[in-house]
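Hello,

Here is the structure for your files. My notes follow below it.

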Amino acid sequence: MIKKTRRARNATDLQWKAEETLRATLLSIGDAVISTDMKGLVAVMNPVAESLTGWSRKKAVGQPLETVFRIINAHTRQPVESPVAKVLKSGKITGLANHTLLIKRNGQEIPIADSGAPIRNEAGDTTGVVLVFRDQTRENAARKTLEERDTRFQKVLGVVPDMISIHSPEMDILYSNWQGYAAVPDNRRILHTKCHKTYRNLDDTCPDCLAISVLETRKPFHKETRLLDGKWLDIRVIPILDKDGDVEMFVEWVRDITDSKQSEEELKSNYAMLQIAGETARFGGWDVDLEKYISHWSDTVADIHEVPHGYAPPVEEGINFYAPEWRDKITQVFTACAEKGIPYDEEMEIITSKGKRVRVRTIGRAVKDENGRITKVQGSFQDITERKQAEEALRESEDRFKKLASFTFEGIVIHRNALVIDVNQSTVKLLGYERKEMVGMNLFKLIHPDFHASVKDNLQKQVATPYQILVIRKDGSTFYAEIEARDIAYNDEFFRVACIRDITQRKQAEEQLKESEERFRALHNASFGGIAIHDKGLILDCNQGLSEITGYSLDELIGMDGLLLIAPETRDLVMNNILAGYEKPYEAVGLRKNGESYPIRLEARNIPYKGKTVRTVEFRDLTESKRTQEALKRIEWMLSKQPAALESDYVQPYGDLSQLNTGGLILDSVGKDVLKNIASDFLRLLESSSAVYEKNGDYALGIFASGWCRFMDQASRELCGTDDNKEAMACGKWLCHDCCWKEASLPAMESGRPVDIECQGGIHLYASPIFAGDEVIGAVNFGYGDPPRDKQKLEELAEKYRVPLDVLTKKAEAYESRPAYIIETAKERLQASVHLIGEIVSRRIMEKKILTLNERLEQNIAEKTRELRARIRELERFHDATIQREFRVKELRDEIERLKKGEGKT
């Protein structure tokens, strides 16, 4: 009996020790763990659970789970059913729904994920529940970051005026900014509806659908089309392919290009007029670099000198083109301009290379640098031979006119005190009278009564300037004439000679010109841009648009030097274009009245204006256009560029370095295929190279996507002079490997922060450490940026890597540049990839711990069950023996009683 009791006590001790071992195991798990009995009362609680719930194990044990583990739905704020209750009902492993918050004892709310599992004995009966949960704060923050990034992308597309719509191959609308030509009412802006139904209210695919051919060919489609209402549309359909090359979705982009088409037509017309004007005016530009003392001539200037285009003579040679009698003069004025900044405008003669004398007009202006030093002289050059010839012809004509005055085609009347003395034949034809009818006639008979008073006044004042009157012909018809008169002495008598010019056509032309000017003024002020008319920079007239753009009033603008509306950094450009008569659109920097600078587009041409040639210029404020263009560039790049076709299975000639991995944590936990998929997320944007390192420097992954990276890495590998990769990595000559590991990834792991460096191979490296919990377990890096294209840099790299310069140059030129924002996006994606790898490793570590724990629990439970069963069998045997003994005692007692009764009888 004592031995049996001692064995039972030993069994109890063993069970107690097993329970202590189990408790110690639970307390060491990284996730929070709570176990309950069948009543839902807390039995065991580890330190992580204490930290998350705010309950100590001592106070929590024996409490209902709902008291310690208070959970609510994050959206509805309603209590969530206890996972223990779910497990006990179903008898299966059960997890919490998303958006579950744990309310800590102090009221703090923590997002969690958990699972509950039944605890079963050896017979399969449920004896309790174990609950495992973890803090999801960091996971939710990462998820929120991704959602915000997607929201930003949608906002960017929302401001684009073009229609951008993303469809599935089944024509369902996955996303649309609902803008542009295809804009639809708000009540029809519904995603995942058929595009033909939403945009055109058709029950079947549009008859002119462009996406069908794109789905068949898997190639982008682009065309410009003109609608019946005259609008032009630029239509692009761009397929987005999956990894198998099938169309996963496609983008439809529609832009209204009506304005640009009209501008193209106007530009063609203006260019044709510019060509005619240039050939007619014989006007060009030139400049002299005062440091090199070399002249640069425009093509027109070269034509005037009869030399080939591109001719750039020294200054002395240019001066020698001038006729001998003009060389001293041009030397004098040019020297004064170059040394003192004195401008000049001279008419001289040159002798061309073919010996031809040409009359020219040359204008020179000094150009100063920011320190006020004259660095250049520039100006214009014009062939004025024809003009001079015309002037000389005019003088000869005037001489002839004086001699032939009596035979002029204009009417001439000689009168005294308004009585006609004589007329010429032109007057006879003009008025319809015979000469003899007019001699002795009162002059006022030929003048309309409305003008009698003004003519009398002019006669009294002896007005010699031209004036206009209404003249009456013999047949009673009238016409406007210009009268110009002089008093002359003849044979000691004074007469007045009046010249009569029929200005009917001129009056009609003036009326037409007036109407034209009114139309021009209306168009002038209706322009959306600023328009100014200037003469050598001095503003003669402008519209309201220029006032609105610059901030100056119209009164302030008229008479202003137009160069004051241009920022100093582009004034030389504008002045050069004015002097050269440049008539194509170009961009400059404007300057408002308040001192603010802004981007502008200028387009100018020479026009006749009030009897002379001036220059009209249109100002276009490009501020908003520049902003829109920048946003469009980003979106167009993202939508028009196909993702890089990464050859993830490509292996460098020296082999796959991850095969040298000695059971690394990252490679074992994540796997090579998953690592490739993760790296491809950011590497497709860059098409360069990437490596994933274990904490000890072993490769978990290496991808070389660009020709530059493959070439440079292989070249530096060959410098090692060995076939053994381990020896090569340790030799110090494998430049690309050393740079990736020692200069980028290792420093990132040591500092716990990203590292951004310029690598020895001519591009940049970005590396970031990988954390599993609070421990650094490795690093990821990628290469980015354009390979160098500078000849000197390429020569240095060719010498360092011992490769041919021409091959290196071709590799550099083959890489397609990435915009800066794409590189930043890749860095953000790498950070997300780092977190993902760390999370996967952490999960694998935890899964292994949980599996180990479950195995130990099952072993302990099985062992305890065996011990309990043995104890029960021993107790059952003890119970049976006890019962048998009781029966034997009872039988003895009965026997004794019978014996006592028998003795009494005897």
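**Charged residues and their contacts**

At 38% relative accessibility, R789 counts as partly exposed (buried is under 20% relative accessible area, exposed over 50%, partly exposed in between; 1.4 Å probe, protein chains only). R789 forms a salt bridge with D786, with the closest N and O atoms 3.4 Å apart (a side-chain nitrogen of Lys or Arg within 4 Å of a carboxyl oxygen of Asp or Glu). D786 is partly exposed too, at 31%.

This is a predicted model: local features need pLDDT of at least 70, side-chain atom pairs count only at pLDDT 80 or more, and totals for chains, interfaces and linings use all residues. Residues are numbered from 1 along each chain as its sequence is written, and side-chain values use heavy atoms, leaving out hydrogens and water.

The whole structure holds 44 salt bridges. One of them pairs R818 with E687, closest N and O atoms 3.2 Å apart. That pair links distant parts of the chain, 131 residues apart. R818 is buried at 13%; E687 is partly exposed at 29%. Another joins R605 and E603 at 3.6 Å between the closest N and O atoms. R605 is partly exposed at 21%, while E603 is buried at 13%.

D383 sits in strand β17, residues 374-383 (strands are DSSP runs of E, at least two residues; helices are runs of H or I, at least four; both are numbered from the N terminus). D383 is buried, at 17%.

E339 belongs to helix α12, residues 324-340. E339 is exposed, at 60%. From E339 to A366 is 27 residues in sequence and 8.8 Å in space, C-alpha to C-alpha.

Best wishes
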